[in-house]
Amino acid sequence: MHCYLADPAIKNVAVLDMTHGGAIIARKLKELEFNVTGVDVYGTLSSDQCNALEANGIQVVEKNCIVEGFDLIVSPVHLYPYHIMLQQVKEKHIPLISHHRAVGEILSFTDTGDYPLIIEVTGTKAKTSTASLLADMISRELTVVLHTSRGLELWEDSVCQLIHKGLSIAPGSILQAMDIAGSLGKKIEAYIFEISLGVTGCGNLGVITTLDMDYMIAGKTSNASEAKIKSLLSYPEDALIVLNSNCRKALEKLNRPLASNHIRTFGIRDESEGATPDIDYCLGMQNGNFSIACREEEIEVYLADGYDARSYITAFAASCVAALEVGVPCETVREVIQQFRGLQGRMQEMVAENIRIIDNSNSGMDIVSVEKALDMCLKRKPRVIMVLGEEAAQVCEGLPPEDVADLLGRRLVEMDELILVGERMKPLATGNIRYVENFDIGKTCAMELARKKGPSEIIIALCVKCFR
């Protein structure tokens, strides 16, 4: 595939969207000695941020500018396609690439060490859990840097150390994550990146966890699944690609086939179904156990208690297949899944101060998982205190208030107490429904109510969409 940044004719580059990792991309392009203009298409940069970019030799303009004079435009996949600059790009036939591809091309100029393993994970759900399980598996033999919505972590011998917090999972953050990892003074043998809306093509392995529960982007003109599938075209022929079998229809819509000749598919079967012949790995869960069927062989994994294992089935599937494909021994894969107890905020069950809690507060939470958490609580205790909502400043796509209103209309009577979180939830706080500003206050309020009501009959459900 043509590398635009290696083309000597490309000198002047405009990077659109300075908010979602664009500023990082702009700085890296400047380091590579391109003339760079940053376009703040959403008008979200502060004057201090603008001044910092300009101090780095990057001109910053607001909203849009004339495209003449630019040799290349870098734009995010989620930008409205009728933005005036994108329209001019079409008219003037100026090359246009995504933030994802720009990051992949920048990394082609970067020394990442002695042939490290680089894995990229994208999809609509289960990205963080998949990447974290994969880091645990690979860290039994290699030193791993993992970047997810939980933060930047160093994994060694199955032990995790948080080394940085606050990076987004936009593609540009990969560049910053690698800089931070490089400053550790350690030999990093594997990188695993959770990425929103696609992959960059820089890795040895790309994983799409699932395209279920698709959503609209780019001013509701296209599906997120399209962007994720199209991003796979950036991989070279020798790259390995692991796909959920629900990607098939999206793959068929590509205007050209994937270059990679190493594609592995996995499917998750119902308890009553047998193996499916047209996929490489068939995975299922029955009687509390997890199984992987591949090439006439089946691996049985016995799951631990203390979390909702069924909520992790996609993550189990994607991580196990990816690990097996990069050479992780079956015994290691089995051991990691059997020792797993859930991730913080992802259907994790715990006890604090003698109060039982189902923690489902994470950046990928949706109304479906909220209802699952409620069902899980009601199986354990008769009275549920629900903390529900969003910290909208932290996440790109919040929890739609109309979805919350629908849930309350159907199931509010099953909640002993409801505490809503986030400004957009405030209008729903009527009658006996409480309202608080953020997750921490909501959790504290729920714990106080549980202590007063008596922990023996109470369970708390934490369902706030936020980064943790």
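I began with a term: a crossing is left-handed if the near helix is turned anticlockwise from the far one by less than a right angle, and right-handed if clockwise. The model I examined is predicted, so local features need pLDDT of at least 70, side-chain atom pairs count only at pLDDT 80 or more, and totals for chains, interfaces and linings use all residues. Residues are numbered from 1 along each chain as its sequence is written, and side-chain values use heavy atoms, with hydrogens and water left out.

**Entry 1: H11 and H12**

I noted that helices (H or I, at least four residues) and strands (E, at least two) are DSSP runs, numbered from the N terminus. I looked up helix H11 (residues 367-380) and helix H12 (residues 401-411), whose axes come within 10 Å and cross at roughly 30°. Axes are lines fitted to C-alpha atoms, for helices over the stretch in contact, and angles run from 0 to 180 degrees between N-to-C directions. H11 and H12 are therefore roughly parallel to each other. Angles under 35 degrees count as roughly parallel, over 145 as roughly antiparallel, 65 to 115 as roughly perpendicular and the rest as oblique. I recorded the crossing of H11 and H12 as right-handed.

For contact, I took heavy atoms within 4.5 Å. On the H11 side I found Ile367, Val370, Glu371, Leu374, Asp375 and Leu378, which meet Asp403, Val404, Leu407, Arg410 and Arg411 of H12. This contact of H11 with H12 has 6 nonpolar, no polar and 5 charged residues. In this classing, Ala, Val, Leu, Ile, Met, Phe, Trp, Tyr, Cys and Pro count as nonpolar, Asp, Glu, Lys and Arg as charged, and the others, Gly among them, as polar.

**Entry 2: H5 and H10**

I turned to helix H5 (residues 127-139) and helix H10 (residues 330-339), with axes that come within 9 Å and cross at roughly 130°. That angle makes H5 oblique to H10. I recorded a right-handed crossing for H5 and H10. Leu133, Asp136 and Met137 of H5 meet Thr332, Val333, Val336 and Ile337 of H10. I sorted the residues of this contact of H5 with H10 into 5 nonpolar, 1 polar and 1 charged.

**Entry 3: H1 and H4**

I found helix H1 (residues 22-31) packed with H4 at an angle of about 35°, their axes 11 Å apart. The crossing of H1 with H4 is left-handed. Gly22, Ile25, Lys28 and Leu29 of H1 make the contact with His99, Ala102, Val103 and Ile106 of H4. I sorted the residues of the contact of H1 with H4 into 5 nonpolar, 2 polar and 1 charged.

**Entry 4: Asp308**

I located Asp308 in the loop between strand S18 (297-302) and helix H9 (313-325). Not counting residues up to four places away in sequence, Asp308 touches Met347 and Met376. From Asp308 to Tyr435 I noted 127 residues in sequence and 28 Å in space, C-alpha to C-alpha.
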